[in-house]
Structures are given as structure tokens and as C-alpha cells.
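Subject: Handover of a two-chain model

Hello,

I am passing this structure on to you, with notes on what was found in it. Please keep it open beside the text as you read.

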Amino acid sequence: MFAYVVRRVLATIPVMAVVALFVFSLLYIAPGDPAAVIAGDQATPEDVERIRASLGLDRPYLVRFGAWVFDILRGDLGVSIFTNLPVSLMIKQRLEPTLSLMVVTLILAVSIAVPMGVIAAARVGTFVDKFVMAFAVLGFSVPVFVVGYLLAYVFALELEWLPVQGYTPFSEGFFPWIENLILPAVALGSVYIALIARITRASMLEVLQQDYIRTARAKGAGQRSILFLHALKNAAVPIVTVIGIGIALLIGGAVVTESVFAIPGLGRLTVDAILRRDYPVIQGVVLLFSFTYVLVNLLIDILYTLFDPRIRY
Amino acid sequence: MALLEVDNLQTHFRSRDGINRAVDGVSFHVEARETVAIVGESGCGKSVTAMSILRLIPEPPGKIAGAIRFNGRDLLKCSDREMRDIRGNEISMIFQEPMTSLNPVLTVGRQIGETLRLHQGLSAQAAENRAVDMLNLVGIPEARRRVREYPHQLSGGMRQRVMIAIALACNPKLLIADEPTTALDVTIQAQILDLMRDLKRTVGAAIVIITHDLGVVAEVAERVIVMYAGRKVEEAEVGRLFRNPRHPYTQGLLGSMPKLGSSLTGVETRLQEIPGVVPSLKRKLEGCVFASRCAHATDLCTKVAPALEEKAPGHIAACHYALKDALAA
């Protein structure tokens with residue numbers, strides 16, 4: 001097991017290298033010239049050229065890539081073209097809101113979606129099942145920003161139960177912190193909940209047909225134990241997989257959600273950086289997101305062994 | 001009073017194209033410590049009968065009617081809660097597929113212990129210790145180590161032993177075994193049957209064994225119930241049934257059984273098959289259920305359903321002509 005984890009961690013290195021190359025190249029071939037943006041409309045071609053040289057953009061592609069990778073390995077993500085602050089510092093400042101949003105959304109989504117899927121499967125074909133499925137289709141098809149504005153309108157503006165937008169750091173207390181996160185988490189989580197609920201239902205339906213479920217019934221096990229112990233543990237692998245894949249959904253959705261609810265997180269940072277063609281920042285953020293995704297899926301591969309003893313590495 | 005009395009059991013399934021009368025008016029009884037076999041070919045309602053006793057039939061689409069009295073108490077009138085207390089405790093069941101009947105993600109010890117924790121309120125530790133005892137009882141070596149293992153680490157025969165351990169953990173009064181040896185190879189079959197016979201003696205449970213294998217019947221059963229198309233067509237003490245089957249269907253079953261070494265004795269005896277298939281149970285059958293496949297069927301058979309009659313002491317059959325020796329020969 002330990003050897004497996006070490007091997008898997010080592011295997012992420014080539015993955016991350018490819019990601020790095022891709023992130024770097026994407027911006028290299030993207031249209032627009034940061035030197036021109038910084039120089040402004042009045043600049044002469046010589047000014048632009050000077051700025052480009054000062055940014056090191058005149059050096060050959062491979063040289064720039066090599067230098068960039070070398071810096072990253074030392075923990076240096078470069079300096080923002082726009083603010084002149086180190087990218088790592090800018091990310092650090094924006095990390096907490098995004099991380100909070102993701103974690104709250106993840107917990108909320110899993111704790112709602114899994115029981116929903118289990119109950120739908122247990123009551124397949126009934127009103128409850130149809131309701132869950134209808135909810136899943138709705139959650140899937142309504143975009144995050146629509147759900148977000150709708151929620152903000154109803155629960156913040158009309159009912160005044162929760163703040164409209166903004167973010168309060170965790171250091172100022174749990175309740176102010178969570179208050180600001182509930183609406184964004186629900187908005188961001190709706191697609192995620194729909195996805196997990198559907199997979200849970202499908203996976204449970206298959207498991208509930210199995211012979212060992214009949215054995216559990218014949219032993220006198222109660223419905224709850226059958227569903228949540230005997231069946232859910234067997235149904236867990238696809239559910240955990242989709243939770244992992246869904247992290248990508250959350251990252252994408254976070255960008256939009258943070259805009260809707262004015263949360264000063266990495267999503268906003270990304271959007272701003274793209275608009276300003278702030279290459280080092282874009283590269284840093286995308287690299288961080290990719291790294292998170294790879295890490296989460298590594299974690300999930302390891303989780304499989306907890307749920308299914310037949311999986312051995 | 002018999003331990004189990006099944007009275008006019010009817011288990012019907014509603015489906016899109018009509019009602020499937022899987023079991024249609026079956027009655028029988030099982031005395032304490034007795035071994036009764038239910039035989040018949042695939043689709044005759046044996047398994048559904050067994051599942052109905054424990055009410056493991058999903059309702060709907062299934063519907064169980066009649067009466068199933070266990071120690072005088074009608075199981076069909078019990079609440080779900082009461083049924084759960086009976087299942088695995090007073091009546092337990094072993095299934096045909098040892099490969100798939102155990103939960104693949106729980107340890108063997110946990111699965112045996114679950115019954116004990118449910119019905120006897122044992123702690124996790126006490127349940128595990130009892131699980132080790134049970135594994136020893138069913139003849140699994142290195143029980144201490146095995147309780148921590150998962151089903152996929154065991155062979156088919158071992159898994160069926162584990163199933164037996166689960167079934168017998170709470171000393172049930174009745175054990176229902178649904179084709180317990182069908183999925184196992186022959187040497188393992190014999191071991192499992194021996195084990196069941198031994199344990200029956202130690203635990204003192206009555207057994208209802210469901211099988212299509214007449215060899216198994218001869219081996220373990222004291223009394224035999226022959227089912228066909230959801231009905232009981234014959235019932236007798238095992239020796240009597242093999243010597244003197246009254247119902248043409250039973251005769252057909254016995255005739256289709258290969259005899260060991262028969263090809264070496266020089267007598268070329270072709271195995272007798274029963275022509276045709278079990279009729280669809282979707283529509284109400286007129287007359288004798290076996291008439292369409294019976295070589296002796298007459299007009300009477302296709303029109304009037306024969307009642308179950310006692311043809312000899314303790315020997316019941318549902319056939320208009322079963323009394324005639326010509327048929328029984």
C-alpha cells in the first residue's frame with residue numbers, strides 16, 4: 001500500500017510536467033501581446049520592444065520554458081506583470097475564499113446528493129424517485145449564474161436571511177464565514193449534487209439487485225443497514241470516482257460563482273489576469289488548479305481500497 | 001402441531017402481460033427436526049415457495065396469500081419488524097450461489113457476526129469470537145485468520161460453508177436451503193451435504209431443502225414434496241417415493257435420472273426425458289397442470305383438475321389415474 005502511494009505520487013510528476021508544458025504553450029500561442037498592453041496605446045514600437053525585452057519575452061521559447069520550470073521548482077511562480085507582486089503571494093491572498101467555497105460545496109453536495117440517490121434507488125419508480133430525478137435534471141440544466149442570482153434574490157434580497165454577496169474570513173468566526181458561503185455553495189453545488197445523486201442512484205440500483213442484498217434481508221437486517229452498509233459500500237466506487245471528476249466542475253464553476261457573489265478568490269483573480277493578459281498569474285493559477293485536480297484524483301484512487309477490498313495495488 | 005405449516009400458499013407476480021402464478025395453492029408441513037425436500041424442474045415454483053416462507057419476495061410486484069404458520073404463528077400476518085426478528089434467527093436460509101451471496105466488501109467475520117449482533121445483541125468483539133467458533137464448526141481451518149478475510153479470498157465450497165455458518169449462528173429451528181449444492185462441484189457437494197446433516201443433528205434444526213437433484217434428495221431427505229407448475233403434485237416419504245412414484249411427473253423425473261454404471265452392464269437404457277416444457281403460468285390452467293406433457297393423459301385430465309388424494313398412507317398425489325398399478329409400475 002505504502003509503495004503504491006509512493007509510486008502514484010511519483011507518477012504525478014510526468015503528468016504535471018505535461019500540464020506545465022501545456023499551460024506554458026497555451027499562453028505562448030494565445031493572441032495578444034502583454035508588452036503592448038503594458039505599453040499602452042501611445043507607445044512607439046521601440047517602447048514595446050523595450051518592455052518585451054525587460055519581461056524576457058524576446059528570448060526563445062524553450063529557454064523561457066526552461067527558466068520558468070526552474071523557477072517553479074524553487075517555489076517561484078514569477079512576478080505579476082500588472083501588480084509587480086509575486087504570483088505566489090497573490091495566490092496566497094486569494095486562496096482562503098476559494099478553498100472555503102470548494103470545501104463547503106463539496107461537503108454540502110456529498111451530504112445531500114448521496115442520501116438523495118440512495119433514497120431514490122430504494123424507492124425506485126415512486127414519487128420520491130421521480131422527484132429526485134426531476135431535481136437532478138433541473139440542477140444539471142440550469143447554469144450556475146442563474147441559480148446564483150435566483151438564490152441571492154430570494155434568500156438575500158427578499159427574505160434577508162443571508163448576505164447578498166462578499167466574503168468574511170474564517171478568522172472572524174465560523175458563523176459569519178459560513179453565512180457568506182451558503183448561497184454560493186448551493187449555487188455552485190447544484191450541478192455537482194445532480195451529478196452525484198444520479199450516479200449514486202444508478203450504482204445503488206445495480207447493487208440492490210445483487211444476491212448478497214437478499215442474503216442480508218434473509219439475515220434479518222433492517223432497511224437502513226441494508227441500504228447504507230451492505231449496498232452503499234458496494235456502490236461507493238463509481239460515486240467516489242464521480243466526486244473526484246466533479247472537482248474539475250467545481251473549479252470551473254468557482255470562477256463564475258465568485259463573480260456572481262463578489263468573493264475575492266482565485267476565480268476572480270483568474271478572470272482579471274486573463275483580461276489583463278497577466279501571463280505569470282494565469283500560469284500560476286492554472287498550474288495550481290491542475291495540481292489540485294491531480295492530487296484529488298490520486299486521493300480517490302487510494303480511497304478505492306478502503307471501500308473495496310478486492311482492489312489491491 | 002407441526003413446526004411449519006404452509007396452507008394454500010399462493011405467490012403471484014403482477015407483470016405487464018398478466019399475473020404470473022408462480023406458486024398456486026401449495027400446502028405442506030414440516031415437523032421439528034425433520035428434513036423435507038422440495039423437488040421439481042426449473043420454473044416450477046420451488047424457490048418462490050422458499051422465499052415466500054421468509055417473505056423475501058418483493059411486494060409489489062409479488063403478492064403472497066394463504067397462511068404460513070411457524071410455531072402456530074402466521075408469518076403473513078407479522079409486521080416487518082417481527083419478520084426481521086424471525087429471519088436469520090428462528091428461520092434462516094442458504095442460497096444457491098455461494099459466489100455471489102456473500103457481501104464482497106465486508107469481512108467474513110463481520111457477516112457471520114452481523115446475525116449474532118442483530119438477534120442476540122452481542123458486542124462486536126463477542127460476535128467475532130462466536131464467528132470464529134462457527135467457522136470451526138463448519139470445518140474451515142485457521143478460523144482465527146479467516147474471519148478477517150473477505151469472500152473473494154475463499155473458494156466456492158468455503159463460501160458455502162460460511163453461508164451455513166451465518167445461517168446456523170443463531171441456532172434456528174428451521175433452515176431453508178435453496179439449491180445449496182447446485183453451484184458446487186461433486187466432491188464439494190458431498191462435503192456440504194455431510195456438513196448439513198451433521199449440523200442438523202448438533203443444532204437440531206428442521207431443514208427444507210430445495211433441489212432438482214434427486215441424488216441430493218435420496219441423500220438427505222426424509223420426506224419429499226414434488227412440485228410442478230406452481231403446485232404440489234405428489235408427496236411421500238422418500239423411500240416410498242423412489243420405489244413407487246404415483247404421479248407421472250415424478251416417474252418422469254426419476255426416469256430422467258442417470259444410473260451409475262448403467263452403460264457398462266450391457267443394458268442400453270436410454271434416459272427418459274419428459275417431452276415439452278412447463279406451461280406458462282400466466283393464464284389459469286384448466287384441468288391437470290401436467291396433462292399437456294403426460295403420456296397417460298385422457299379427456300378427463302384436460303378438463304378436470306385432479307385433487308390431491310392420499311393414495312397410500314402418507315403418500316399423496318394429484319392424478320386421476322395414480323391408483324392404477326399399470327401407471328405406477
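This is a predicted model: local features need pLDDT of at least 70, side-chain atom pairs count only at pLDDT 80 or more; totals for chains, interfaces and linings use all residues.

Chain A, two helices

Helix α10 of chain A covers residues 223-260, and helix α11 of chain A covers residues 266-276. The two pack at an angle of about 95°, and their axes are 7 Å apart. α10(A) and α11(A) are therefore roughly perpendicular to each other.

On the α10(A) side, the residues that meet the other helix are A:Ala254, A:Val255, A:Thr257, A:Glu258 and A:Ser259. Their counterparts in α11(A) are A:Gly267, A:Arg268, A:Thr270 and A:Val271. Sorted by class, this contact has three nonpolar, four polar and two charged residues.

Chain A, domains

Where the domains touch, 14 residues of domain 1 of chain A are in contact with 13 residues of domain 2 of chain A.

Which elements give two or more residues to the domain 1 side of this contact in chain A? They are α1 (2-29) and α2 (34-39) of chain A. α1(A) has the largest share of that side, with eleven residues. By class, the side of domain 1 of chain A that touches domain 2 of chain A has eleven nonpolar, two polar and one charged residues.

Contact between the chains

The contact between the chains takes 19 residues from chain A and 24 residues from chain B. On the side of chain B, at least two residues each come from α2 (80-86), β6 (91-94) and α3 (108-120) of chain B. α3(B) gives the most to that side, with four residues. The class count for the side of chain B that touches chain A is ten nonpolar, nine polar and five charged residues.

Chain B, overall

Chain B has twelve helices and twelve strands. A compact globule of 329 residues would have a radius of gyration near 20 Å, and the 21 Å of chain B agrees with that. Along the principal axes, the C-alpha atoms of chain B fill a box of roughly 65 × 55 × 40 Å.

Chain B, the sheet of four strands

This open sheet of chain B has the order β2-β1-β4-β5, and its pairing is antiparallel. The edge strands are β2 (18-30) and β5 (73-74) of chain B, each of which pairs on one side only.

Going through the pairs:

- Strand β1 (residues 4-15) of chain B is joined to β2(B) by ten bridges, and the two run antiparallel. The bridge partner of B:Phe13 in β2(B) is B:Asn20.
- Eight bridges join β1(B) to β4(B), again antiparallel. Here B:Gln10 stands opposite B:Ala65 in β4(B).
- β4(B) and β5(B) pair over two bridges in the antiparallel sense. B:Phe70 stands opposite B:Arg73 in β5(B). The hairpin of β4(B) and β5(B) has two residues between the strands, and B:Asn71 takes a positive phi near 55° in it.

Which helix packs on this sheet? Helix α1 (residues 46-53) of chain B does, touching β1, β2 and β4 (62-70) of chain B. The direction of α1(B) makes about 70° with that of β2(B).

Chain B, the sheet of eight strands

A further open sheet of chain B has eight strands in the order β6-β7-β8-β3-β9-β10-β12-β11, with mixed pairing. β6 and β11 (309-312) of chain B stand at the edges with a single partner strand each, so one side of each has no neighbour in the sheet. From one strand to the next, the twist averages 25°.

Within this sheet, strand β3 (residues 35-39) of chain B and strand β8 (residues 206-211) of chain B run parallel and are joined by five bridges. One bridge pair is B:Val36 with B:Val208 in β8(B). Helix α10 (residues 248-255) of chain B lies across β3, β9 (223-228) and β10 (231-237) of chain B. α10(B) runs at about 105° to β9(B).

Regards

Notes:
Residues are numbered from 1 along each chain as its sequence is written. Chains are lettered from A and ligands numbered from 1 in the order in which they are written. Two residues are in contact if their C-beta atoms, placed from the backbone, lie within 7 Å. Ala, Val, Leu, Ile, Met, Phe, Trp, Tyr, Cys and Pro count as nonpolar, Asp, Glu, Lys and Arg as charged, and the others, Gly among them, as polar. Axes are lines fitted to C-alpha atoms, for helices over the stretch in contact, and angles run from 0 to 180 degrees between N-to-C directions. Angles under 35 degrees count as roughly parallel, over 145 as roughly antiparallel, 65 to 115 as roughly perpendicular and the rest as oblique. Two strands pair if DSSP finds at least two bridges between them. The radius of gyration is taken over C-alpha atoms; the globule rule is 2.2 Å times the number of residues to the power 0.38.
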